[in-house]
Amino acid sequence: MARDLEMQSERHGGVDVLHLAGEVDLEVSSQLRRTLLERVEGKRDLLIDLNGVSYIDSSGVASLIEAFQRARKDGLRFALARVPEGAMRVLKIAQLDRIFPILPDIDIGFGEA
Amino acid sequence: MTGGRDVVRSGDSESDEMVCELRVHALPARLRLIRRVVGEAARELDCSPGVVEGLVSAVDEACQNIIRYAYKGDPKGVILLRIERAGDNAVIRLIDYAEPVDPAGIQPRPLDELRPGGLGTHLIQAAADSVEFEPPTQGAGNILKLVKRIE
């Protein structure tokens, strides 16, 4: 049985915040993809808090890209927040640090995204 | 062949030291174990934290490719991971027993194209000094060799 991805969501300052934790890899990235797309299809602006993510692979990043593209197409706001060093390394290699709005904290909502 | 019983080779002729070998089924659920083994082995080789992180990522991505594209999700497929030290280099081989792939068909997507997928090859190339497919020896389908200078 596949392990579950650690996800918690909350409303924070009028924004849907999805807190991710643990290792996002091929075993769990389909859970992430499904959750993100559900939120976007529900027309919800989304802030992804990556603070607790100790590892993310290309399949996890692909889920973020797909949700970001859908959100953008639907005029929704989508940003990453509190990106740890390891995840940032992956985003930089993929040059996605120039694409995704990335916030230093969740308290400011989308203020600077 | 997916069983992987044949010994591919007992070690690199240029190898100074065999650090570890791991044989697992090609399952997403085994990727965590593979990452931990690579991380520990790279630390044993005195790789810096940045190099360790890169090698863990590269091997994970390469194993994903084996799971998804070489074995096409066949859970009976076997991956053999071998980590050696050769001089100042860490040498990592990933051996599978699937049908040989065409290396020319494995190309990273241009990074200016924003779409899901195609990033794994970039992560592999970013972490290693050299990445190549070796000619498979008897019984093996594909042998991917990553070399990274220990620093």
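Two strands pair if DSSP finds at least two bridges between them, where strands (E, at least two residues) and helices (H or I, at least four) are DSSP runs numbered from the N terminus. This is a predicted model, in which local features need pLDDT of at least 70, side-chain atom pairs count only at pLDDT 80 or more, and totals for chains, interfaces and linings use all residues. Residues are numbered from 1 along each chain as its sequence is written, while chains are lettered from A and ligands numbered from 1 in the order in which they are written.

**Strand pairing**
- Strand E3 (residues 89-96) of chain B runs antiparallel to strand E5 (residues 142-149) of chain B, and eight bridges join them.
- E5(B) is also joined by five bridges to strand E4 (residues 130-134) of chain B, again antiparallel, with B:Glu134 opposite B:Ile143.

**B:Arg93**
- B:Arg93 lies in E3(B) and stands opposite B:Lys145 in E5(B).
- B:Arg93 counts as buried because it has 21 C-beta neighbours inside 10 Å (buried means 20 or more other C-beta atoms within 10 Å, exposed 12 or fewer, partly exposed in between, with C-beta atoms placed from the backbone).

**Helix H1 of chain B**
- Among the residues of H1(B), B:Leu31, B:Arg35, B:Val38, B:Ala41 and B:Ala42 are buried.
- They cover an arc of only 135° around the axis, so they sit on the same side of H1(B); the arc is that of the directions from the helix axis to the C-beta atoms.
- After H1(B) comes B:Asp46, whose phi is positive, near 65°.
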